[in-house]
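Dear colleague,

Please find below the structure that I am handing over to you. My notes on what was found in it follow directly after it.

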Amino acid sequence: MLRFVATRFGIVIPTFIGVTLVAFSLIRLVPGDPIELWVGERGIDPERHAELLRQFGFDRPLWQQYLGFLGDLLQGDLGKSIVTQQPVLSEFLTLFPATIELSLAAMIFAVAVGLPAGIIAGVRRGSAFDHTVMAVSLTGYSMPIFWWGLLLIILFSGTLGWTPVSGRISVLYFFEPVTGFMLIDSLLSGEPGAFKSAVRHLILPAIVLGTIPLAVIARQTRSAMLEVLGEDYIRTAHAKGLSPLRIIGLHALRNALIPVVTIIGLQTGLLLAGAILTETIFAWPGIGNWLVNSISRRDYPSVQGGVLLVASVVITVNLMVDLAYGLINPRIRRGAGS
Amino acid sequence: MTEASQIPARAAPPHPLREFWEYFSENKGAVVGLAVIVLIALLALSADLVAPHPPNEQYRDALLRPPFWQDGGSLLYPLGTDAVGRDMLSRIIHGARYSLMIGAIVVTLSLAAGVWLGLIAAFFRGSIESVIMRAMDVMLALPSLLLAIVVVAILGPSLVNAMLAIAIVYLPHFVRLTRASAISELSRDYVTASRVAGAGLLRLMLITVLPNCMAPLVVQGTLAFSSAILDAAALGFLGLGAQPPTPEWGTLLAEAREFVLRAWWVVTFPGLAILITVLAFNLMGDGLRDALDPKLKR
């Protein structure tokens, strides 16, 4: 197991260094030097310009700048936003819970619908239900989710008036964030109706963000079920006269779920990419929205820090999925270790 | 292949294309997908003839007209008009040109560069391979849309830069596929034979090995085509892709956003066009995979 963990880390570390290189180059690849970007169109006199370049270390050789960047990084210093003058890391940490809350809700929706749909479709192969699930999941997979979000707004917010159009909670409620998770904070606040308002705000974005993972999970579950149901031990279980429910629920499902769990874990990157679009549509104050705004404001330190942090989250989650997979499945562990 | 055709045919084997079509046409969805793609391509090619109005012509007396079947709509503007009186149907038909062009250019760029990098990695193992493959790992660690956004942020928002960004983002998939299949082909006897016969490096790469790696690349290319359309539309929607008044479908949606609760048609139809096109390519990609996968044959 130790060797397995070591190999996995051996792959992750160069990847992480590569990501820091990408983030480091980002600001330097933009036409014009960083100082010119910061002062924008106001302009700056050449002497002051040279002084600032020296002050921020932009006149040093690139490799020294990179080492300095890595050093700051290790101390948790990701620079300051040009717009708000706040440290990038603290801005990220303030907004990240909103994205986690949205992503978790989306994932719960995707698993709660996709898993049973995939299982039933696999068991009832060739039935009308199977065909429907496959058609719906292919459509979901091809869905431009920014459009899907707008359609749901037209239907549920416009025509039916059931859900609000944007934000995390109604402006009627205000309380200090404790955990950053609106569902928990609204409960803690004790204000009547606050929790209900938070839930109503969360439903549409979660459905929109969960749609593609839902399609992927349903398809993968179905094909994993089909594969397992063709195994000899399932036939043996049938021959023993076990009830179909027991065979599917106990014998087949447990084995079918192993690859599905991995797929669910690997959706993190997809979720964060989807969050960029979903948060933009619903004005959800998370990191996706923040990144898009930072780009349009040309706030490059925020973009740089944000990219680095998002990539770190994806790398970490993928590593954890990998390790968890090795933990459940000894065959993987031995295969990768040797 | 050429050697085989020189042997006089006994029970003539089916032509490879014919055999391919037999497998492909077994998948009904794939055939439907292909038909839809052909239709969209025809519409795009003849957009100037088919579209009832010029795409950027503003009819000031017909702002936000609903589609013809609703009250206030007319057959003059079958799918209604947008906020400055442009005909939605004409804009969507012209938008097909952009989407197909985006898909074609992105896949061509990404495939060409990816195949080269993949072949180089497979032929020169060792440090060159490590550098290429680690770089691809880094690119895969970033969510694709985020990476595309970053590239656009560096280059500046425009349709050309968006296509370039998406082509860069898709590179790792093509590199990995090419490398994996080229490595497995390199151990085959026919490659050794060709090498012994004195074939040069380029000949080995492009004429001996590459044609035998094409099947997975074709499938991946089709799927990348649909993702490219989707991602370019997403960038357009975020204001980072094609700029108004270009009738690109994602850009149409971005312009329509503020009218979402007042004029459902300006939002619904461009998105429907994206969905149908992407779905058609995904259906065809599935069919291609079944038809080209040797493991599934027979």
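In this predicted model, chain B and chain A bury about 3300 Å² between them, and 85% of that lies on carbon and sulfur atoms. Buried area here is the accessible area, taken with a 1.4 Å probe, that two parts lose on being put together, summed over both. On the side of chain B, B:Val138, B:Ile154 and B:Leu275 lose the most area to chain A, together 16% of what that side buries. The contact takes 40 residues from chain A and 34 residues from chain B, where contact means heavy atoms within 4.5 Å.

A few conventions apply throughout. Residues are numbered from 1 along each chain as its sequence is written, and chains are lettered from A and ligands numbered from 1 in the order in which they are written. Because the model is predicted, local features need pLDDT of at least 70 and side-chain atom pairs count only at pLDDT 80 or more, while totals for chains, interfaces and linings use all residues; side-chain values use heavy atoms, with hydrogens and water left out.

Polar links across the interface

The rule finds 5 residue pairs in polar contact across the interface of chain B and chain A, with both residues at pLDDT 80 or more. A polar contact is a pair of N or O atoms within 3.5 Å; within protein, one must be able to donate a hydrogen and the other to accept it, and residues adjacent in sequence count only if both atoms are side-chain atoms. Helices H6 (127-141), H7 (144-155), H11 (214-237) and H13 (264-292) of chain B each supply at least two residues of the side of chain B that touches chain A. Helices (H or I, at least four residues) and strands (E, at least two) are DSSP runs, numbered from the N terminus. H13(B) gives the most to that side, with 12 residues. The residues of this side divide into 27 nonpolar, 3 polar and 4 charged. In this count, Ala, Val, Leu, Ile, Met, Phe, Trp, Tyr, Cys and Pro are nonpolar, Asp, Glu, Lys and Arg are charged, and the others, Gly among them, are polar.

How many salt bridges cross this interface? The rule finds 1, a salt bridge being a side-chain nitrogen of Lys or Arg within 4 Å of a carboxyl oxygen of Asp or Glu. The side chains of B:Asp286 and A:Arg219 form this bridge, at 3.4 Å from N to O. B:Asp286 is found in helix H13 of chain B and counts as buried, at 19% relative accessibility. Buried means under 20% relative accessible area, exposed over 50%, and partly exposed in between (1.4 Å probe, protein chains only). Leaving aside neighbours within four places in sequence, B:Asp286 is in contact with A:Leu138, A:Arg219 and B:Asn27.

The nonpolar cores

The largest nonpolar core has 142 residues, and those with the most contacts inside it are A:Phe146, B:Leu235, B:Val266 and B:Val267. Such a core is a set of buried Ala, Val, Leu, Ile, Met, Phe, Trp, Tyr and Cys residues joined through side-chain atoms within 4.5 Å. Not counting residues up to four places away in sequence, B:Val267 touches A:Trp147, A:Leu150, A:Ile154, B:Leu253, B:Ala256 and B:Val260. A second, separate core of 25 residues includes A:Ile119, A:Ala224, A:Ile234 and A:Leu271.

Salt bridges within the chains

Over all chains, a search of the whole structure finds 17 salt bridges. In chain A, the side chains of A:Glu51 and A:Arg48 meet in one of them, at 3.2 Å from N to O. These two residues are separated by about one helical turn, because they are 3 residues apart in helix H3 (residues 46-55) of chain A.

In chain B, the side chains of B:Glu255 and B:Arg91 meet at 3.5 Å, N to O. B:Glu255 lies in helix H12 (residues 249-256) and B:Arg91 in helix H5 (residues 88-123) of chain B, so the pair ties together parts that are 164 residues apart in sequence. B:Arg91 is buried, with a relative accessible area of 0%, whereas B:Glu255 counts as partly exposed at 23%. Both belong to a network of salt bridges that links B:Asp82, B:Arg86, B:Arg91 and B:Glu255.

Chain A as a whole

The secondary structure of chain A comes to 15 helices and 0 strands. Buried residues make up 46% of its 338 residues.

Yours sincerely
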